[in-house]
Amino acid sequence: MHKLVYPDGACLKKKTPPPTHTHTITDMNRKRALISDTFKVKKRKDGAEQFGAPTDDDDYKAKVLAAEEGKGTQPTVKKFLEKVVSSSTDLSFTKDKMLQQFLFTDSEITQLVKSGVLTVRDAGSWWLSIPNSGKFTKYLIKGRKAVLSMVKKSKYGEVLQADIEERRTTSQVKFHMKYHIHDIIGAELVERIPTTSGTLLRFVDS
């Protein structure tokens with residue numbers, strides 16, 4: 001299963017469990033319907049980004065617990081990981097389920113939101129969340145814009161994939177270039193065209 005490719009020394013590597021970003025998996029698998037069926041996809045309200053559940057429960061739990069070490073929320077977060085993450089495949093939880101099925105109190109739910117393992121979905125329900133995912137989204141979008149701009153500014157809005165993979169990146173690109181290329185292909189922001197010289201990426205003018 002694909003995991004986020006972090007650049008060496010990235011500040012997210014130690015703090016954020018690697019999420020499943022469906023645009024990159026869609027590019028590598030090429031079967032969009034299968035991806036949608038396999039991963040329970042979470043969409044932001046604007047529909048801009050799609051993330052699945054963490055790719056590895058053990059990795060997710062280990063990094064979350066490490067980030068909680070010494071904090072007052074640690075016992076509640078540990079309880080959540082053991083009772084909820086280990087036993088449920090759901091990505092969202094209602095207040096009734098949290099209170100009645102998993103036996104959390106209102107105060108404990110507040111602690112879980114504060115720690116970043118839950119984020120508000122709407123009144124009375126929450127998404128399972130990846131701590132520090134806000135930084136991931138920020139870096140992803142900035143990198144996407146930078147890489148897409150490279151394609152757009154190329155002659156005729158086309159560039160060989162092998163050539164762009166070798167380009168020096170700007171400070172806006174925090175992740176590996178190949179990761180961003182998978183992202184823009186999976187998001188259908190560029191068209192992939194086989195040629196005798198290699199795979200050509202063509203900017204899609206929407």
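**Figure 1. Burial and fold of the chain.** Of the 206 residues in the chain, 43% are buried in this predicted model. The secondary structure consists of nine helices and nine strands. Among contacts between residues at least 6 apart in sequence, 62% join residues at least 24 apart. The chain exposes about 11500 Å², and carbon and sulfur atoms supply 50% of that area.

**Figure 2. The aromatic pair of Phe80 and Phe104.** Five aromatic pairs are found in the whole structure. One of them joins Phe80 and Phe104 edge-to-face, at 6.2 Å centre to centre and with 65° between the planes. Phe80 belongs to helix α4 (residues 74-85) and Phe104 to the loop between α5 (95-101) and α6 (106-115), so the pair ties together parts that are 24 residues apart in sequence. Phe80 is buried at 0% relative accessibility, and Phe104 is buried at 3%. Together with Phe93 and Phe102, these two residues form one aromatic cluster.

**Figure 3. The surroundings of Tyr139.** Phe175 is buried, with 4% relative accessibility, and Tyr139 is likewise buried, with a relative accessible area of 17%. The ring centres of Tyr139 and Phe175 lie 6.3 Å apart with their planes at 80°, so this pair is edge-to-face. The pair links distant parts of the chain, 36 residues apart: Tyr139 is in helix α7 (residues 133-153), and Phe175 is in the loop between α8 (161-165) and α9 (177-186). The charged end of Lys174 also sits over the ring of Tyr139, 5.8 Å from the ring centre.

**Figure 4. A charge over the ring of Trp127.** The charged end of Arg121 sits over this ring, 4.6 Å from its centre.

Note on methods: Residues are numbered from 1 along each chain as its sequence is written. This is a predicted model: local features need pLDDT of at least 70, side-chain atom pairs count only at pLDDT 80 or more; totals for chains, interfaces and linings use all residues. Side-chain values use heavy atoms; hydrogens and water are left out. Helices (H or I, at least four residues) and strands (E, at least two) are DSSP runs, numbered from the N terminus. Buried means under 20% relative accessible area, exposed over 50%, partly exposed in between (1.4 Å probe, protein chains only). Contact means heavy atoms within 4.5 Å. Accessible areas come from the Shrake-Rupley method with a 1.4 Å probe; for residues, only the protein chains shown count as cover. Rings of Phe, Tyr and Trp (its six-membered ring) pair if their centres lie within 6.5 Å; planes under 30 degrees apart count as stacked, over 60 as edge-to-face and the rest as tilted. A charge sits over a ring if NZ of Lys or CZ of Arg is within 6 Å of the ring centre and within 35 degrees of the ring normal.
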